[in-house]
Amino acid sequence: MNNPSLENTLAIEGMTCASCVTRVEKALAKVPGVVSAEVNLATETARIQRTRGGGDAAALIAAVRKAGYEAHELAQDEEVGTHAAPFWPVGLAAALSLPLVVPMAAGLFGAHWMLPGWLQLALATPVQFWLGARFYIAGWKALRAGSGNMDLLVALGTSAGYGLSVYELWRSAGGDAMAHLYFEASAVVITLVLLGKWLEARAKHQTTAAIRALQALRPDTARVRLADGREEERAIAKVAVGDLVVVRPGERVPVDGAVVEGASEVDESLVTGESLPVAKDAQHEGDRVIGGAVNGEGLLVVRTTAVGAESTLARIVRLVESAQAKKAPIQRLVDRVSAVFVPVVIGIALVTWLAWGVGAGQWEAGLLNAVAVLVIACPCALGLATPAAIMAGTGVAARRGILIKDAEALETAHRITVVAFDKTGTLTEGKPRLIDALAAGGDRPALVADAAAVQAGSEHPLARAVVQAAVDESLAPSTASEMRAEAGRGMSARVGGRALRLGSTRWMGELGVDLAPLAAAAEQQQALGRTVSWLADATVAPPTLRGLLAFGDTIKPDARDAIDALHALGLKTLLVSGDNRGSAQAVADALGIDEVRAEVLPQDKVALIAERRREPGAVVAMVGDGLNDAPALAAAHVGIAMATGTDVAMHAAGITLMRGKVGLVAEAIDLSRRTSAKIRQNLFWAFVYNVVGIPLAAFGLLNPVIAGAAMAMSSVSVVTNALLLRRWRGAGR
């Protein structure tokens, strides 16, 4: 079986740089049955896809341990990659190193405070072998596994400086000459690297703030109303679908559900990004609440529709975690570079030492320069450059109500050139009303009643509008049988012994229905931007026309501003609709959309998107909400689904907008651009540190202490730069 059917997520402990990531991925890939393994340095997790019957969690963990790291299977609510290291090792290392550095600094001003050699040895040794033991342990594990990492470079570099100092101290023992000692270099380098890793862990903790904020929204208990009217406090895990849950004013809604009693306003901002409270009322059939939202001043009774892993909040958390854990395409290139980085650096350090020793006879200076080369090299900055930006970007997006399924969607979105929109439910409210009904035989009530009978089994917005019109007009539709949806065309059913067909102009043409009696009226309705459907009787051939139904929909209030925002970003807009030309053109004209394709069937939408993708330099996004949009969403470079639509559309899309606001499309693209810019900036600086620093160190222009400081700060600067994304407040702000 080639297709992955199971997924495991492991928490990995002990990784320090991109080389570690490569080694863990290679170890996991060797486990039988593993299809793919993606390791993320920033979240310290590994996501493994494997075939059924392949290596289980125990085999995966064993492979990670064999590679020199610790691992355990991730619990559902466990936080990962967020635990900052304790500060005491950094503080103690600094306290021991300070007496070594102060005399050296004082010497610049003519003071001679140099400590005795034995005291320098006493101060440097615990820093080197106790506080710095982590570098030896991790470096040895890497070496034993046949690879290298940042810890190996630090261990080799500081050991060389420490060893040279011990040798010089031993050689000068009993003599009068003052030995040239470099204990301060090795001790300070270890202190600075420890400080850098501590600062890095703190910064990484902030990048996962969005996940923690979402997880904190989960209430632990719910107040369930029993059959006898009493209320009982229950753990969330014991609440079942269908239970009535009482939510008092000011409390968090514990479950997803529908309001059956009461009225209130609910703050859903941390779940959907909607800044204003949303009115909820039992009188409005279908008013739903989301677990984690905050109830306002009214008491609500909610019938539970989803709990636990199936709740909206849990799905949001999974989506954000998935996006943060997956790799952007550019990260794969970085991983390949990192795989050869450490051996190359060790080679450069060796050449540096030999060149200074053989060429200039300065073996001691050559060793110090080689130490500087080893210390300034920073594969950890390369490993963090991309995932830190992805984590920050997806976290900010989640707070705005933009859910990004994977890093590839986020990275691709910044290159979008064309945004194609579905019309109904995306640019319009998706709640059309029956504006007019014209019967070919003059019997309007019979036309509406028969149309409502045909549409009774459909969830299409137009169908609901017909059924609602029949209710409003107190019409009693007959019972329909043999109901069948014709994809992109309409509905067929048998009503009172007659075979009725209700659908589009195109379908009527395919059926051979003569539309001439009402053609002028249809053109007039379409010119007003209304959608026209036809009802025909196909009991005998050829089918006869029964009448037309004209529907009107309302354009979303923010749609015009959303299209303007996309144009401001330099993007072209396209309306792709199954509706008639007049209705689609009326919406496009009102919104300023560049191009219209009307009367497009679902399969034709896919072909249209594929056609646009083939245009040179084109990167196409498709925005939709319905079941019929799912194939087009999947076919586009980036699919963007409205969460107000169907689950199928959301599964097919790379980005989901938790609110029905079209303006979030421009925000998602703008955030993608900013995140991609951060990735490029981070990679630039990560490479600059090495491209500039390593030659300077090799030519003796960098002191090992300065090299250590630069190496420590490179990782911190990369993560801090990514965190600047948290200041983003929306497109154009």
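This is a predicted model: local features need pLDDT of at least 70, side-chain atom pairs count only at pLDDT 80 or more; totals for chains, interfaces and linings use all residues.
Student: Why are α19 and α20 called roughly perpendicular?

Tutor: Helices here are DSSP runs of H or I with at least four residues, and strands are runs of E with at least two, numbered from the N terminus. The axes of α19 (residues 559-568) and α20 (residues 581-591) cross at roughly 70 degrees and come within 9 Å. Axes are lines fitted to C-alpha atoms, for helices over the stretch in contact, with angles from 0 to 180 degrees between N-to-C directions. Angles under 35 degrees count as roughly parallel, over 145 as roughly antiparallel, 65 to 115 as roughly perpendicular and the rest as oblique. The pair is therefore roughly perpendicular.

Student: Which residues meet there?

Tutor: A559, R560 and I563 in α19 meet D589, A590 and L591 in α20, where contact means heavy atoms within 4.5 Å. They divide into four nonpolar, no polar and two charged. For that count, Ala, Val, Leu, Ile, Met, Phe, Trp, Tyr, Cys and Pro are nonpolar, Asp, Glu, Lys and Arg are charged, and the others, Gly among them, are polar.

Student: What makes α4 and α5 oblique?

Tutor: The axes of α4 and α5 (residues 133-144) cross at roughly 40 degrees and come within 4 Å. That angle falls in the remaining class, and the two helices are therefore oblique to each other. Q128, F129, W130 and L131 of α4 touch A133, R134 and Y136 of α5. This contact has five nonpolar residues, one polar and one charged.

Student: How many aromatic pairs are there, and why is W88 with W130 called tilted?

Tutor: The whole structure holds six aromatic pairs. Rings of Phe, Tyr and Trp (its six-membered ring) pair if their centres lie within 6.5 Å; planes under 30 degrees apart count as stacked, over 60 as edge-to-face and the rest as tilted. The W88 and W130 centres are 6.0 Å apart and the planes stand at 40 degrees, so the pair is tilted. W88 sits in α3 (residues 88-107) and W130 in α4 (residues 117-131), 42 residues apart, so the pair links distant parts of the chain.

Student: What makes β10 and β12 edge strands?

Tutor: Two strands pair if DSSP finds at least two bridges between them. The open sheet has the order β10-β9-β12, with antiparallel pairing. β10 (278-281) and β12 (294-295) each have a single partner strand, so one side of each is left without a neighbour in the sheet. Four bridges join β9 (residues 263-267) to β10, and S264 stands opposite K280.

Student: Where is the cis peptide bond?

Tutor: A cis peptide bond joins A541 and P542, with omega about -10 degrees. P542 lies in the loop between β20 (531-537) and β21 (544-552).

Technical notes: Residues are numbered from 1 along each chain as its sequence is written. Side-chain values use heavy atoms; hydrogens and water are left out.
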